[in-house]
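Here's a quick briefing to keep beside you while you look at the fold. Have the viewer open and follow along.

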Amino acid sequence: YVLFVGEVEERKNLSALIAAMGALPPGVARGTALVLAGRCAPSVRERALAAGVDARLEGEVSDARLAALYRGAAALVFPSRYEGFGLPVLESMAFGTPVIASDAASIPEAGGDAALYFTPTDPAALAALLTRVLTEETLADDLRQRGLRRASTMTWERCADATLLAIESAVAKRNPIS
């Protein structure tokens, strides 16, 4: 299955993901479900089914269930038009799941060179990337390995250290020592 994690809001661009899943080649689409984890109205499943997509709504899940979903997914797709950061990208990588994400806003900062990117207004490009990840084992394995390395460098401790350095730098610029 292909995994989507997040609340279904317009900015999350789920319509592009549904369109891309509906455009997968028949041999790839057959047996590939879309699993949605997060708050989601039942109408989303109806839209997916209308597009020929086998969609499964998990709803809000526990941390343990989310971890199991990440581990079992063939890929995480993060199609947002904008995000503050894109934590599901790193979470997915930490579990060894290949990531396909939009190239919008700060998302590439989260994924670095360990994800495949598409323009969020181009479902055909997303479908092409999905097809590659779902059919090219070497590519999927490479993304898993790069993702694990990327996630290991993006820790909360590193974030705290960088924040402290930024604060210290700002204070030093404001109060220069003569």
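Helix H7 and helix H8 (residues 137-153) pack at an angle of about 95 degrees, and their axes are 5 Å apart. An angle from 65 to 115 degrees counts as roughly perpendicular, so that's what H7 and H8 are to each other. Keep in mind that this is a predicted model.

**Where H7 meets H8**

- On the H7 side, the contact is made by Arg132, Val133 and Thr135.
- H8 brings Glu137, Leu139, Ala140 and Leu143 to the contact.

**Leu126, a residue of H7**

- Leu126 sits in H7, which covers residues 123-135.
- Is Leu126 buried or exposed? Its relative accessibility is 0%, so Leu126 counts as buried; the cut-off for that label is under 20%.
- Which residues does Leu126 touch, once neighbours within four places in sequence are set aside? They are Ala16, Leu17, Ala20, Val77, Ile100 and Phe118.
- Ala16, Leu17 and Ala20 from that list fall in the span of helix H1 (residues 14-22), while Val77 falls in that of strand S4 (residues 75-78).
- Phe118 is another of the contacts of Leu126, and it belongs to strand S6 (116-118).
- Leu116 is also worth a look: Leu126 and Leu116 are 10 residues apart in sequence, with 9.4 Å between their C-alpha atoms.

**The sheet**

- Six strands make up an open sheet with parallel pairing, and their order is S3-S2-S1-S4-S5-S6.
- The edges are strand S3 (55-59) and strand S6 (116-118), each of which pairs on one side only.
- From one strand to the next, the twist averages 25 degrees.
- As a bit of background, strands of a sheet pair through backbone hydrogen bonds, in either a parallel or an antiparallel way.

**Strand by strand**

- Strand S1 (residues 2-5) pairs with strand S4 (residues 75-78) in the parallel sense, over two bridges.
- S1 also pairs with S2 in the parallel sense, this time over four bridges.
- Val2 is a handy landmark: it stands opposite Ala75 in S4 and opposite Leu34 in S2.
- S2 is joined to S3 by four bridges, and these two strands run parallel.
- Across that pairing, Val35 stands opposite Arg56 in S3.
- How do the side chains of S2 point? Leu34 and Leu36 go one way, Val35 and Ala37 go the other way, and all are buried.

**Helices lying across the sheet**

- Helix H3 (residues 42-50) lies across strand S2 (34-37) and S3, and it runs at about 165 degrees to S3.
- Helix H4 (residues 63-72) lies across S1, S2, S3 and S4, with an angle of about 145 degrees to S1.

**Where H1 meets H3**

- Helix H1 (residues 14-22) packs with H3 at an angle of about 30 degrees, and the axes are 9 Å apart.
- Angles under 35 degrees count as roughly parallel, so H1 and H3 get that description.
- Their crossing is right-handed.
- From H1, Leu14, Ser15 and Ile18 meet Val44, Arg47 and Ala48 in H3.
- The residues of this contact split into four nonpolar, one polar and one charged.

Notes. Residues are numbered from 1 along each chain as its sequence is written. This is a predicted model: local features need pLDDT of at least 70, side-chain atom pairs count only at pLDDT 80 or more; totals for chains, interfaces and linings use all residues. Side-chain values use heavy atoms; hydrogens and water are left out. Buried means under 20% relative accessible area, exposed over 50%, partly exposed in between (1.4 Å probe, protein chains only). Contact means heavy atoms within 4.5 Å. Two strands pair if DSSP finds at least two bridges between them. Axes are lines fitted to C-alpha atoms, for helices over the stretch in contact, and angles run from 0 to 180 degrees between N-to-C directions. Angles under 35 degrees count as roughly parallel, over 145 as roughly antiparallel, 65 to 115 as roughly perpendicular and the rest as oblique. A crossing is left-handed if the near helix is turned anticlockwise from the far one by less than a right angle, and right-handed if clockwise. Ala, Val, Leu, Ile, Met, Phe, Trp, Tyr, Cys and Pro count as nonpolar, Asp, Glu, Lys and Arg as charged, and the others, Gly among them, as polar.
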